[in-house]
Amino acid sequence: MSTLPVFRWHLAPDGYATRRQLRARDLRPGGQDVAAQLERPRRRGRPPLVAYLYRVDLAKLVRPMTPGRWRAHAAMMRARRTCTECGRDAGYVIPPTLGSCVTCAYPEEQCAA
């Protein structure tokens, strides 16, 4: 197994990009392996922050959203907005820590207002 080239933060050569940088260009890694990594040093003996880089020339275009994917995404978001207690659409994504809409999670505060 060969070792990856390691570059210092902000010093990677052209032709490499992180996943986020690829996505900003409407690209994806497309199954390629990590080509290099960036390391950002930190203080006080902490290990460096690492970011993986992919080759831009081997990246592929992002797959377009089909009508079926849009429906699946809408169903997933609808499930995240639906309160498990009252069954209503809260209009926002319900935090997993609450498990229900704010009205159901804190009923005593709604009555005081």
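Biologist: What is the relative accessible area of Asp89, the partly exposed residue?

Modeller: Bear in mind this is a predicted model, where local features need pLDDT of at least 70 and side-chain atom pairs count only at pLDDT 80 or more, while totals for chains, interfaces and linings use all residues. Residues are numbered from 1 along each chain as its sequence is written, and side-chain values use heavy atoms, leaving out hydrogens and water. Buried means under 20% relative accessible area, exposed over 50% and partly exposed in between (1.4 Å probe, protein chains only). Asp89 counts as partly exposed because its value is 46%.

Biologist: Which residue forms a salt bridge with Asp89?

Modeller: A salt bridge puts a side-chain nitrogen of Lys or Arg within 4 Å of a carboxyl oxygen of Asp or Glu. Here the closest N and O atoms are 3.3 Å apart, and the partner of Asp89 is Arg81.

Biologist: How far apart are the closest N and O atoms of Asp57 and Arg55?

Modeller: Asp57 is exposed at 56%, whereas Arg55 is partly exposed at 33%. The two form a salt bridge, with those atoms apart by 2.7 Å.

Biologist: Is Ser100 buried or exposed?

Modeller: Ser100 has contacts (heavy atoms within 4.5 Å) with Cys83, Thr84, Glu85, Ile94 and Ala105, leaving aside neighbours within four places in sequence. Its relative accessibility is 2%, so Ser100 counts as buried.
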